[in-house]
Amino acid sequence: MQWIANALSCPSLVVQFTRDKQVEDLFGCDKIANGSQVWCDGEITAFLRMAAQNPDTPYILAFDEFDHADAAVQSTCHPIVEHKPLVLPSGESIDVGENV
């Protein structure tokens, strides 16, 4: 997969799923910084934001060993696979563009 991304000169993210991988790792969570609550994007959210900012560039998102993911993680990923918007707990919606 990485070879294809390099050959096409496009950004890629391979998400390696394990039973220990949490929804927060992938999509983000609220954290405390300097006494304030702030949202920190997870790896998939950050990747989708980057793709949304560059709609003319193809982005490759690959799920490796998806069957090893916890059921909660799998259900959270389904909208992405179906090209439906990712809706964060804040209500913010991030479109999964045609370039992903």
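Begin by selecting Phe-17, Phe-63 and Phe-66, which ring pairs link into a cluster. Rings of Phe, Tyr and Trp (its six-membered ring) pair if their centres lie within 6.5 Å; planes under 30 degrees apart count as stacked, over 60 as edge-to-face and the rest as tilted. The model is a predicted one, in which local features need pLDDT of at least 70 and side-chain atom pairs count only at pLDDT 80 or more, while totals for chains, interfaces and linings use all residues. Residues are numbered from 1 along each chain as its sequence is written, and side-chain values use heavy atoms, with hydrogens and water left out.

A search of the whole structure finds four aromatic pairs. One of them joins Phe-17 and Phe-63 edge-to-face, at 5.2 Å centre to centre and 90° between the planes. Phe-17 lies in the loop between strand 1 and helix 2 and Phe-63 in strand 4 (residues 60–64), so the pair ties together parts that are 46 residues apart in sequence. Helices (H or I, at least four residues) and strands (E, at least two) are DSSP runs, numbered from the N terminus.

Phe-17 is buried at 1% relative accessibility, whereas Phe-63 is partly exposed at 24%. Buried means under 20% relative accessible area, exposed over 50%, and partly exposed in between (1.4 Å probe, protein chains only).

Next, select Lys-21, in the loop between strand 1 (12–16) and helix 2 (23–27). Lys-21 is buried, with a relative accessible area of 18%.
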